[in-house]
Amino acid sequence: MQITEPAEYAILGLVKSHPMHGYEMFQQFENGTLGQIVHLEMSQLYAFLKKLERLQYIKAQLESQGARPPRRVFQLTEAGQDVFLQWLTQPVEKPRDIRILFLIKLYFIQQWLPAQTGHLVEQQTQACERFLETLEAQHISPETSATGDDAFFDHVVLRSRIYQTRALLDWLRELRIELDYSGSSSNLKRGL
């Protein structure tokens, strides 16, 4: 068993900040920026919490609530922190994972390792450039490829993936410029 869902990493990132009970985490997804990246139902959250507990990445303690039943408050274990930080600093392999996984990484790296944000964006840019090279090497023009609907559709799908990857690269390059600018602005405000 291993982490397979983006929300599981987001949960690890949330409990890294401070111990939380399930409903508090759910509110972070419902009302915060994370909810713009990952949609999560309450039942999914509790299933992920159980899984992360079985993996020993989080642990729960019971917290008394007076007359109400005690609630489980989750905190990150050392193993969970190691897994989270290792995952956090690595680019995603496929451009399709940028929309969710990379944005989760960006959200948490700004909080926990802000000095590494630019490096992560640069690594992600390089990973997308390598992926684009692979796609472009596969490029077959419709005139030179086999005939038929399948060949045409293969060409259409490949072109779509190439254009999507190029758009992601444009966005990553803009992001890098924005990070450089905001870092410079922060340094100017601090008198550095």
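Let me begin with confidence, since what follows is a prediction. The mean pLDDT of the chain is 88, with 90% of its residues at 70 or more. Residues 184–192 are another matter, as pLDDT stays under 50 there, and for this stretch the model has one contact beyond four places in sequence.

Turning to the sheet, we have three strands that form an open sheet, ordered 1-3-2, with antiparallel pairing. Strand 1, residues 20–21, and strand 2, residues 58–65, stand at the edges, and each has a single partner strand, so one side of each is left without a neighbour in the sheet. Strand 1 is joined to strand 3, residues 68–76, by two bridges, and these two strands run antiparallel; if you look at His-21, its bridge partner in strand 3 is Val-73.

Now to helix 1, residues 6–17, which lies across strand 1, strand 2 and strand 3 and runs at about 100 degrees to strand 3. Helix 1 also meets helix 5, residues 78–88: their axes come within 10 Å and cross at roughly 115 degrees, and the crossing is left-handed. Which residues make the contact? From helix 1 they are Tyr-9, Leu-12, Gly-13 and Lys-16, while helix 5 contributes Gly-80, Gln-81, Val-83, Phe-84, Leu-85 and Trp-87.

Notes: Residues are numbered from 1 along each chain as its sequence is written. This is a predicted model: local features need pLDDT of at least 70, side-chain atom pairs count only at pLDDT 80 or more; totals for chains, interfaces and linings use all residues. Side-chain values use heavy atoms; hydrogens and water are left out. Two strands pair if DSSP finds at least two bridges between them. Helices (H or I, at least four residues) and strands (E, at least two) are DSSP runs, numbered from the N terminus. Contact means heavy atoms within 4.5 Å. Axes are lines fitted to C-alpha atoms, for helices over the stretch in contact, and angles run from 0 to 180 degrees between N-to-C directions. A crossing is left-handed if the near helix is turned anticlockwise from the far one by less than a right angle, and right-handed if clockwise. pLDDT is the predictor's confidence in each residue, from 0 to 100.
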